[in-house]
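Biologist: Could you walk me through this model, starting with the overall layout and then going into the details?

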Amino acid sequence: MKISSHGADIFSASKESGIDENSIIDFSSNINPLGIHNNVRKAMINSIEYADRYPDIDCNKLINRLSIQEQVPREWIFCSNGAAEAIFRIVLYLKPHNAILTAPTFSEYEQSLKTVNCKIKYYNLSEDNNFKIKEDILDIIDQKTDIVFICNPNNPTGQLTDKNLLEKIILQCKKINAAVVIDECFIDFIEDKENYSVQDILKQYDNLIILKAFTKVYSIPGIRLGYCLCPNTTVIKGLKESGPPWNVSVIAQEAGIAALEEKEYVVKTIEYIKKERNYLINELNKYNIKIFDSYANYIFFKLECDEIDLKSEMLKRGILIRSCSNYRNISNEYYRIAVKKEHENKIFIEKLKDILVEK
Ligand SMILES: Cc1ncc(COP(=O)(O)O)c(C=O)c1O
């Protein structure tokens with residue numbers, strides 16, 4: 001089976017399975033199951049009217065709105081063509097020589113670091129610790145370290161890192177002039193996110209960059225919109241200058257402005273995901289599956305039977321899941337599924353019953 005380095009590749013999955021891409025149920029990308037909010041859809045449709053001109057190069061209206069929402073000065077915000085673009089710009093601008101990544105984690109940190117020939121040290125997450133980052137990560141940050149990426153909650157494991165530990169990492173890095181990127185792209189799915197987000201300490205650390213995405217929580221991966229927050233305005237300027245201008249389209253800017261109005265939708269999303277995640281976990285527990293604590297809108301699990309290629313089997317049945325076999329430091333027994341709409345989750349469990357035998 002062809003291994004894609006990401007989830008969400010319904011196009012390759014369709015080619016491989018012969019199933020039309022629109023008929024595949026995609027559990028491999030972790031997008032808000034409530035879908036695009038109607039007001040965001042309307043804003044995008046209306047914005048087509050202005051697509052005959054260049055977008056605002058500085059994303060002024062969107063940044064004004066974000067500055068209120070995030071309670072940071074506008075000068076601390078950089079908007080990007082999806083959070084992935086921000087990752088590449090950060091690396092291109094800072095040009096680190098030595099980086100620290102956890103393993104497993106989101107693959108684009110490594111991809112981007114490779115473009116500047118950066119050496120990478122891995123902090124291996126262990127199943128024995130539920131894939132949690134522990135204090136001993138501090139031992140591998142040394143004078144040579146230029147940048148540390150931490151994904152919180154982590155993709156694919158769903159684990160959150162304690163805020164106290166995050167602050168220790170940031171402080172240690174500040175002392176040696178190293179940057180810390182905390183990827184909070186999934187944090188808006190967390191009920192008590194203020195207990196985990198480092199946003200409230202941002203102003204104390206000019207070596208801290210927080211990464212966020214509209215993609216996941218507002219269900220607009222096809223539009224490409226992300227942003228980062230950093231109190232070091234030289235870095236923000238550097239990010240702007242490290243890639244092409246007009247990186248955020250007219251449609252994406254309008255989608256973002258409209259999305260930020262929909263606070264109730266985010267509250268509803270968190271409630272919905274909690275209910276559906278519990279349903280999926282209860283059902284998965286009926287099989288020889290080890291589920292790791294998951295706090296976000298996806299579930300990471302180990303199928304304790306490595307003869308079954310669950311991704312292939314599911315795809316034959318029209319469902320795309322994320323095999324985690326190409327993440328560092330984990331084997332082919334690990335998978336990640338998104339929490340989707342109630343009826344889709346039921347279909348997933350029905351198909352699983354075809355493949356696995358209950359305990
Ligand atoms: C942890 C994490 N950060 C960033 C991104 C990139 O998001 P975007 O689609 O906004 O580029 C992803 C996408 O899957 C992700 O999982």
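Modeller: We can go through the domains, the sheets, the ligand and a few backbone details in turn.

Biologist: Before that, what kind of model is it?

Modeller: It is a predicted model, and every value I quote is computed from it.

Biologist: Which domains does the chain have?

Modeller: The domain assignment gives domain 1, made of 10-35 + 263-355, and domain 2, covering 38-259. The C-alpha centres of domain 1 and domain 2 lie 25 Å apart.

Biologist: How many residues of each are in contact with the other?

Modeller: On the domain 1 side there are 26 residues, in contact with 23 residues of domain 2. Both α9 and β10 supply at least two residues of the side of domain 1 that touches domain 2, and the largest share of that side, four residues, comes from α9. By class, the residues of this side of domain 1 divide into 14 nonpolar, eight polar and four charged.

Biologist: Staying with α9, how does its axis lie against that of α11?

Modeller: The axes of α9 (residues 263-284) and α11 (residues 342-355) come within 10 Å and cross at roughly 10°, which makes α9 roughly parallel to α11. In this contact Glu276, Tyr279, Leu280 and Glu283 of α9 meet Glu342, Asn345 and Ile349 of α11. The contact has three nonpolar, one polar and three charged residues.

Biologist: And the four-strand sheet, what is its order?

Modeller: The four strands form an open sheet in the order β9-β10-β13-β12, with antiparallel pairing. Because β9 (289-291) and β12 (322-323) stand at the edges with a single partner strand each, one side of each is left without a neighbour in the sheet. β12 pairs with β13 (residues 334-338) in the antiparallel sense over two bridges, and Arg322 stands opposite Arg336 in β13. Helix α9 packs on this sheet as well, touching β9 and β10 (298-303), and the direction of α9 makes about 10° with that of β10.

Biologist: Now the seven-strand sheet: what is the order there, and which strands are at the edges?

Modeller: That open sheet has the order β2-β8-β7-β6-β5-β3-β4, and the pairing is mixed. The edge strands are β2 (77-80) and β4 (119-124), each pairing on one side only. Neighbouring strands are turned by 20° against each other on average, direction ignored. β2 and β8 (residues 226-229) run antiparallel and are joined by four bridges, with Ile77 standing opposite Leu229 in β8.

Biologist: Which strands does α4 touch?

Modeller: Helix α4 (residues 83-94) packs on the sheet and touches β2, β5 (147-151), β6 (179-183), β7 (208-213) and β8, and the direction of α4 makes about 155° with that of β7.

Biologist: Changing topic, which residues are around the ligand?

Modeller: They are Gly82, Ala83, Ala84, Phe106, Cys151, Asn155, Asp183, Cys185, Ala213, Thr215, Pro221 and Gly226. This shell divides into seven nonpolar, four polar and one charged.

Technical notes: Residues numbered from 1 in each chain as written. Predicted model: local features only at pLDDT ≥ 70, side-chain atom pairs only at ≥ 80, totals over all residues. Near = placed C-beta within 6 Å. Nonpolar A, V, L, I, M, F, W, Y, C, P; charged D, E, K, R; others polar. Axes fitted to C-alpha atoms, helices over the stretch in contact; angles between N-to-C directions. Parallel < 35°, antiparallel > 145°, perpendicular 65-115°, else oblique. Contact = placed C-beta atoms within 7 Å. Pairing = 2+ DSSP bridges. Domains from an automatic or database assignment.
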